[in-house]
Amino acid sequence: MNIKKSDSENMTAYKVRIGMYMILLYALVYFGFIVINISNPFLMERIIFGGLNLALVYGIGLIIFALILALIYNSMCSKKEAEFKDTFSKKGDK
Amino acid sequence: MAFLPIFIFVIFVGTVLWLSFYFAKQTKTSKGYFAAHGQIHWVVNGMAFAGDYLSAASFLGICGMIATVGYDGFLYSIGYLAGWMVALFVVAEPMKRLGKYTFADILDLKFGSKAIRVTAGISTLIISIFYLIPQMVGAGALVTPLFGFPHYVGVIMVGLIVITIVATAGMTSTTYVQFIKGSLLIIFSTILCIYIFIQGLSTEPDQGGKVSFYQYSTIQAKLQEDEITPVDISYVKEGEVTNKEKTFLKLSKDGIQTWWLKDIDLEGNIILKETQSEVRKSSGELLVNGNPASEENQLRQVGNLEKICNQSGEQEKTGSINPFEFLSYFTNKNTIAKRWESTSLKDGEDKVIIYYPVETPGNKILRPGLQFKVEGSLSEKLDFVSLMLALFFGTAALPHILIRYFTVKTPADARKSTIVAIASIGFFYILTLFMGLGAMSSGVLNLTSSNMSAPLLAKSFGVFLFSAISAIAFATVLGTVSGLLVAAAGAVAHDLLGTFRSIPMTDRQQVFAGKITAFSVGIIAIILGILFKGMNVSFLVGLAFAIAASANLPAILMVLFWKKTTVKGIVASIIVGVLTAVVMILLSPSMYTSYGLNPDIAPIPFSNPGIISIPLSFLTIVVVSLLTQEKNNIIS
């Protein structure tokens, strides 16, 4: 039981740590958007590609980036949970 | 009243009520009522998150705001979605792992403190009420074009239906209702966008031939002895008013008085542009564009592109275009959109509202600046930062979102349902851009309320699409209000009453107390929904986000991640967060406008309080916790 609890705590700590890194990364990109808007709003008018300006590319990019980060986070957490299940079942067998 | 809209509406509302009564039979315990027995599948819960979140604010408010102020409305989409990152990475799993029915469970986990439960319960009630207001306003806006009922009838309809839903089945029915509506909203919004791309852009939109395009007149004027008069002598000048740096002339022709905006053309000549007006005479009579208001004589729908990439005229149409082409037409500085703004003034005893055209080039439409003055003064820039902060930190602190983490089986399911929510909500928010800009350029905008832009755009493509989208939007309001009422009910039954009673309440008593609370809060929401008619629902939701972010999020984050947090720190942080946010909102320029006062004299210079109230709440929890360190009071 103690083995399971300790592993479970490690898994939780791992997920919390990954979550913190990811939220910091996203916050950095998000606040970058805010800073550009108040420091140099005209930059947002600049066409980046295909007739789309920086405001659109950055804004839609923030939405797509959110989904990509979310999927990476889920994949890392699911992998860790699978490892925990394996470890626990092996320890249980012994 | 058309038959089809009523039929579709009745089908939707009937299905919602049937679901409620069906699940009511299975809901006997408090866990069933407040947390759907913790047995909802994560995919269903994820879509229900989307249903909860894509409320009146998203569908009605954001689309309306994009249709009137362009990219500034899309900022809400960006911020609302970004908030889910905090929910996913920080709140989702701990919430499921540690909580039971309300977010107070987590705050209180290590302390068993009555003070925490009571303050968290009260803050949940206040946030729920602030979030309910825009939902009710949105419901009122929806029924007017659907049935021709006045705004207050819509508010009362939603209030009564939702009270019935919540008083019967609680969280299970709310979840399934939101799952269905969230899915339908995304599907029908996608269909609406496909219609927009197929139709393309035109400088003289006529709603598919249903409403002929109205060409507004421009007449020459001259300056004679410091007085502006029209060159065409068939117009007789009857008055002139300058308001907020705009000059309007009252002209009379064939006995009809109309208002004209003074402007200067490219050659430097004075011109007068036709406006639309509502004049309330001292006798009470209402004139619209100079004639008595009637079913036939209403304000004209507006919104069109004057030029598409420098081309104008009757034949200027793009034909079918893809989403990238659609956006690129709007970013082009040679595309000119005719937007409309309004001003109120007194003309003798008459109260006049003038709606006047503003021509805006594409490069200004698709970047921040039309509503949030990012090039303006420091306080105007701070207003923008404040909103973006509130949206980022607000989502993970909304009571009706937090309680949805208790409806799934495991913390991993909580995480996965959040990802389903992010994918579906993110996709929908990209669609808001197309729906908003589509409405801006299709001659469908209602001058008195931006909230109906997307449904009215759907109406221009046909009654079925309009009816389906309006019914879904109305049903979405029902679901969101249900979720908020369950959250409020949980706060009262579980956190407030459960704390004060010396004998613990039985399951049945908790459910009963929850239903009584749902009824009472529902009635309050109906009254406030009627009072706040006409305000943009997304703006109102932004305020609710600011209160949630200030009151709840600092407490949740610090409890989870700072070991020195104390009971007094949590209680002080919630109280300071709620009070600061609410007082700042009440003293803001936007509220002064709604009081009928001059917004320039408002003591708080910006409309969203987040930039002050969120850091202040964080500071409070840190300082008070450090000052009240006791051995058994610190989270170990």
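This is a predicted model: local features need pLDDT of at least 70, side-chain atom pairs count only at pLDDT 80 or more; totals for chains, interfaces and linings use all residues.
Now extend the selection to residues 256–264 of chain B, which make up β5(B). Strand β4(B) is joined to β5(B) by six bridges, and the two run antiparallel. Follow the chain through the turn: the hairpin of β4(B) and β5(B) leaves two residues between the strands. One residue in that turn, B:Asp254, has a positive phi of about 50°.

Next, colour residues 246–253 of chain B, strand β4(B), by accessibility. Is this strand mostly covered or mostly open? It is mostly covered, with six of the eight residues of β4(B) buried.

Move to the other neighbour of β4(B), strand β3(B), at residues 236–243. These two strands also run antiparallel, joined by seven bridges. Pick B:Thr242 and look across to β4(B), where B:Thr247 stands opposite. The β3(B)–β4(B) hairpin has two residues between its strands, and B:Lys244 in this hairpin adopts a positive phi near 50°.

Now go to strand β7(B), residues 276–280, and strand β8(B), residues 286–288. Three bridges pair them in the antiparallel sense.

For the helices, select residues 71–98 of chain B, helix α5(B), together with residues 378–394, helix α12(B). Their axes lie 7 Å apart and cross at an angle of about 40°. Because of that angle, α5(B) is oblique to α12(B). Which residues of α5(B) meet α12(B)? They are B:Leu75, B:Tyr76, B:Ile78, B:Gly79, B:Tyr80, B:Ala82, B:Gly83 and B:Val86. On the α12(B) side, show B:Phe384, B:Leu387, B:Met388, B:Leu391 and B:Phe392. Coloured by class, this contact has eleven nonpolar residues, two polar ones and no charged ones.

Finally, zoom out to the whole of chain B and colour its two domains. Domain 1 takes in 3–24 + 31–200 + 388–534, and domain 2 covers 212–365. The centres of domain 1 and domain 2 of chain B, taken over C-alpha atoms, are separated by 37 Å. To display the contact between these domains, select the 22 residues that domain 1 of chain B contributes and the 22 residues from domain 2 of chain B.

Definitions and conventions: Residues are numbered from 1 along each chain as its sequence is written. Chains are lettered from A and ligands numbered from 1 in the order in which they are written. Side-chain values use heavy atoms; hydrogens and water are left out. Buried means under 20% relative accessible area, exposed over 50%, partly exposed in between (1.4 Å probe, protein chains only). Helices (H or I, at least four residues) and strands (E, at least two) are DSSP runs, numbered from the N terminus. Two strands pair if DSSP finds at least two bridges between them. Axes are lines fitted to C-alpha atoms, for helices over the stretch in contact, and angles run from 0 to 180 degrees between N-to-C directions. Angles under 35 degrees count as roughly parallel, over 145 as roughly antiparallel, 65 to 115 as roughly perpendicular and the rest as oblique. Contact means heavy atoms within 4.5 Å. Ala, Val, Leu, Ile, Met, Phe, Trp, Tyr, Cys and Pro count as nonpolar, Asp, Glu, Lys and Arg as charged, and the others, Gly among them, as polar. Domain bounds come from an automatic or database domain assignment.
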